[in-house]
Every structure is written in C-alpha cells, then in structure tokens.
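Visitor: Please show me the structure. I will ask what the terms rest on.

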Amino acid sequence: MTHSAIETTSRAYVNIKGTSDGLVIHLGAGDWNTLLIALAEKLDRTPSFFRGGRVALNVGPRQLTAAQLEVVGNLLSKFQISLWAVLSDSVETQRVAAEMGLETSLTLSRTEHLLGEKIGGHERVIADGEQAILLRRILRSGQSVCHTGHVIIIGDVNPGAEIIAGGDVVVWGRLRGNVHAGSNGNDQAVVCALVLAPMLLRIAGYVARSPGREDSEAYEQSVVPEVAFVHNGQIVAEPWRAMEDLYPDWRTDLLRRAANTLSTWF
Amino acid sequence: MGATVITITSGKGGVGKTTATANLSAALAMRGKRVVAIDADIGLRNLDVVMGLENRIVYDLVNVVEGACRLRQALIKDKRIENLYMIPAAQSRDKSAIRPQDMIDVCDQLRPEFDFILIDSPAGIEQGFRNAIAPADRICIITTPEVSAVRDADRVVGLVEAEGKGPTSLILNRLRPQMVQRGDMLDTADVLDVLAIELLGIVPEDETIIVSTNRGIPVVMENKSRAAQAFCNIAARLLGENVPIMELEEPSPSWLGKIASWVHRK
C-alpha cells in the first residue's frame, strides 16, 4: 500500500474528537489492521499532544475479540496513552471490553444526573456503577462473569458457575451457581432470580449458604421469582413483587416485609 | 466426500468414553461406513485393548505426528468388520507429545478416505482434551447419571462452546432404570435440565459390557444386549436416521407370564 493510500484511509476512517468526556477515537468501517496502521500514523504526527492522556475508543458496530482490544491498548500505551473506555453497538464487544475492566459508556455522570431529576425529592443513592453487562446464554460450570457494574443473565446459571458483580445481579433463569453481588462492599446490592437456588450467595461481606440438597429440590418445586438482600446483618430472600409496589421505595418496602418473614437464608 | 470427525469426551474419567468410541465405531462400520477410531489418550492408551487390537500395534499416533512412519502404517485394520480401522495412542509418551494442529493435520489426511473419524478423548480438560476436540466437526459428551459426572460434563460443554466447536450432543451412559424408578438415580430429565443439549442416546447399565471389554470384542459385534442395541441406535442417529429413544422400563411379562398371572387371578 502506498503512502497516499494510507493517508486517505486515515482521513476517511480514523477520527479523533475532543468531547466533554475527553478524547474519543472513532474507528470506522474497513480492514482492522489498516485502521490500526492509520491510527498509529495519526498519533505519530503529534505524539506530544496525546502523551500521558487517556482516550475512549468508539468502534461502532464492529465485533472485537479480547486479543484485538489488547493490541489497540498496547498500541496506545506505546504513545503513553491509556485506554479507559470502549464504545460499541456490538454487545459482544461491550462484553469483552467489560471483562477487560474497561468502561463501555462515557455517560455515567449524565445518567446519574437524569435519574436524579426523575426521582425528584427522593433521596436516592446511585450504587457504584450503574452500567450492566448482559449475557444471553447458559453460564456453565467453571465459567465466571466478573464486572464492576451490574450483571444480567438471560439463561440458567449452573452449579459451579460464578458471578461477581460490583452492583446487582439479575438472573432470568435458574440461579444455581455461586453469586457475589456488591462485591466492592455495597450492601445495598440485591440478587434476583426466577429460581433463586444458589450454592453460595454473597452480598458485600455477608454470606448465605444454600440449604441442603434435599431442601433445595423441594424449594425448586414451588418456584417464584425471588430477590435476596441484606437486612439486619443477614441475607434474606423474599418473593418478588410487582414493580409498582416496590418503586420508588422498593428497598424500604422489602425491608418492612422482611421483618415479618424470615427466609431460608442464614 | 470428506469424513465427519466426532470427538467423544466427558471431563470426568471412567464414564465410558472408550467403550462408547469402540462400540460406535464398530456399529458404524457394521452399517457399511468406512470408520477410523483414533485414541487421543496418549500415555494411557486403551482403545486398542477394548477393541481387541492390542497385539497388532506397530506404530502409533505420536510416531505419525513425529514423522517416524507414514499415516497408513499406523492404521490398524480390524479383521472382523470390513472398513473398521484404528490408530492407537502412544503408551510411553504424554499429552504434550502432540499439539491440536497435529490432530487437525492427521484428520485432514484421513478425511478423503473415510466416512467417520471417531476420536477417543482423554479425561480432563487440559492439553489432551484440547488436542482431541481441535479437529472435531461434532462433539459427543458422555456422562453417567451422577451429579459429579454431570457437573464435569457441564464444564466441558462450556469449554467446547468457548472454542466455537459443535454441535454438541449427549450420551447418557450406565442408566439403571430400576434405580430411576425408585427415585435413587438422576433421570434423563434431570441431566438434560442442567446440560440443555441435544440427547443422542441413553445406554443402560449392562454387565455384558464388562465381559466384552475384557475380551476385546465390542458388544455391538456379538450380542443383542440392551447396551448393544442402544449403541446401534446411536450409530443410526449419527447417520441421520430418526430412531426413537429406547424404552428402558422393565420389559412387560411374556405371553406365558401374562396367562400365568391371569390364571392366578382367577
């Protein structure tokens, strides 16, 4: 490829913009490796401008693997730039980025602001990390999902699988593996599942163990969606109620009801 | 046309991978297909023993991979069934003697000459397992109705999915219908409930398997036991035939027995 061809490519597909959230590098369509070469050239032209900064990467609908993201990260670090966020329309790319500990949105502060307005007078604490990752598959034995925000699974979480979330955990399926919500110490975190039968359930520093195998089978017979949370220093589980009952004061509401009912979780 | 490569794996040891490989290979060959069975359990070879071809080994898979012999020299022809061949594993080496790419190369060489290549995977999820699934077009997971075996099978399904391999189907081995009826054993629904993959067949517990394994004659070759029938049915399903899953409840009494009980009732 001639030099001028690279120039064209770089102008067409690599775009660096300054936004209120900092620098965002847009990588458009086209061959991935060509884009990286173009990006390197662009950075090389004014290295001192970028040095020591942090950037977000916008890859549009492109589906990237962890290895590909790592290559970009390494390339940027050569110019002493740190990559802090990856923006993409692809759920897969978002998931990979989240697993690598990168942010997948620039708008955290804006979301908080909007939520604050909607709720109005209510005192509402935004839990650490309102972002979530969503997985639509069976989480099998030995597989693990670890995320600083919330984790949502559409599918079963089998025994031997593990979820560790900084925020809440929602399982649209049977939760039979290990789960740790509020892993960064947030004891306001909750765990919801259509069938809540985890082997080990942790919220912040609290631990609840599954009742014996026999019990849990009987337990699964009468399935109702449940939510587990911390109340009076222990984890309790409650049948899930309609959202309108619970919102906006659903946590207080749950606590009130939990006072009457002690569940199987100790 | 090229052969279909089927890897038989389980995670847990002793659930019947080798027995299933030997019997399915023989059953497919008896249906007139050209079949080669490859023992990928390097260092703990025993497919040759189960197939009764132990005394015919000159060269093995590692010899082929290292170029010590030609592939054709390591192919052992079964004299009892037309079109049945096997490639033994080395006994004096370990799993690190071959790489996944070697398995792919060997299978690619064999594909034009065979209809089916069955690979007997070692237990575990390490290098030997990765070697065994590398060339696979489809994967048969074998498990017994035990919680531990099902847990390992779930782990293996997850790993296979992560490698982008499949389709994955299940053989449920050593099921004891009486124990299931008494509620002392996991039943098919319990196993499928966790694994959520296609059921390829159910093989009942059968003493004739032990006898035939020790004698080096796969059960499908010589008797009409229920296990032999189950393996023949699985082979038929691999050929794309629609064979219903065998009823495993106790056989209904013979006509003589029926008359006897009728007379008795009078």
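Guide: Start with helix H10 (residues 207-215) of chain B, where Ile209(B), Ser212(B) and Thr213(B) are buried. This is a predicted model: local features need pLDDT of at least 70, side-chain atom pairs count only at pLDDT 80 or more, and totals for chains, interfaces and linings use all residues. Residues are numbered from 1 along each chain as its sequence is written, while chains are lettered from A and ligands numbered from 1 in the order in which they are written.

Visitor: What makes Ile209(B), Ser212(B) and Thr213(B) buried?

Guide: Buried means that 20 or more other C-beta atoms lie within 10 Å of a residue's own; 12 or fewer means exposed, in between is partly exposed, and C-beta atoms are placed from the backbone. Ile209(B), Ser212(B) and Thr213(B) are buried, so each meets the cut-off of 20 or more.

Visitor: Why are the buried residues of H10(B) said to line one face?

Guide: Seen down the axis of H10(B), they fall within an arc of 105°, so they line one face. The arc is that of the directions from the helix axis to the C-beta atoms. The face turned away carries the exposed residues Glu207(B), Ile210(B), Asn214(B) and Arg215(B).

Visitor: What do the buried residues of H10(B) pack against?

Guide: Helix H1 (17-30), helix H2 (47-51), helix H11 (219-222) and H12 of chain B. Contact means C-beta atoms, placed from the backbone, within 7 Å. Just after H10(B), Gly216(B) takes a positive phi of about 75°.

Visitor: What makes strand E3 (76-77) and strand E8 (198-204) of chain B edge strands?

Guide: The open sheet has eight strands in the order E3-E4-E2-E5-E1-E6-E7-E8 (chain B), with mixed pairing. E3(B) and E8(B) each pair on one side only. Helices (H or I, at least four residues) and strands (E, at least two) are DSSP runs, numbered from the N terminus.

Visitor: How do you know that strand E7 (residues 168-175) of chain B pairs with E8(B)?

Guide: Two strands pair if DSSP finds at least two bridges between them. Six bridges join E7(B) to E8(B), which run parallel. Therefore they pair, as at least two bridges are needed. Ile171(B) stands opposite Gly201(B) in E8(B).

Visitor: Which helix packs on the sheet and touches E7 and E8 of chain B?

Guide: Helix H12 (residues 226-238) of chain B does; its direction makes about 160° with that of E8(B). Axes are lines fitted to C-alpha atoms, for helices over the stretch in contact, and angles run from 0 to 180 degrees between N-to-C directions.

Definitions and conventions: Contact = placed C-beta atoms within 7 Å.
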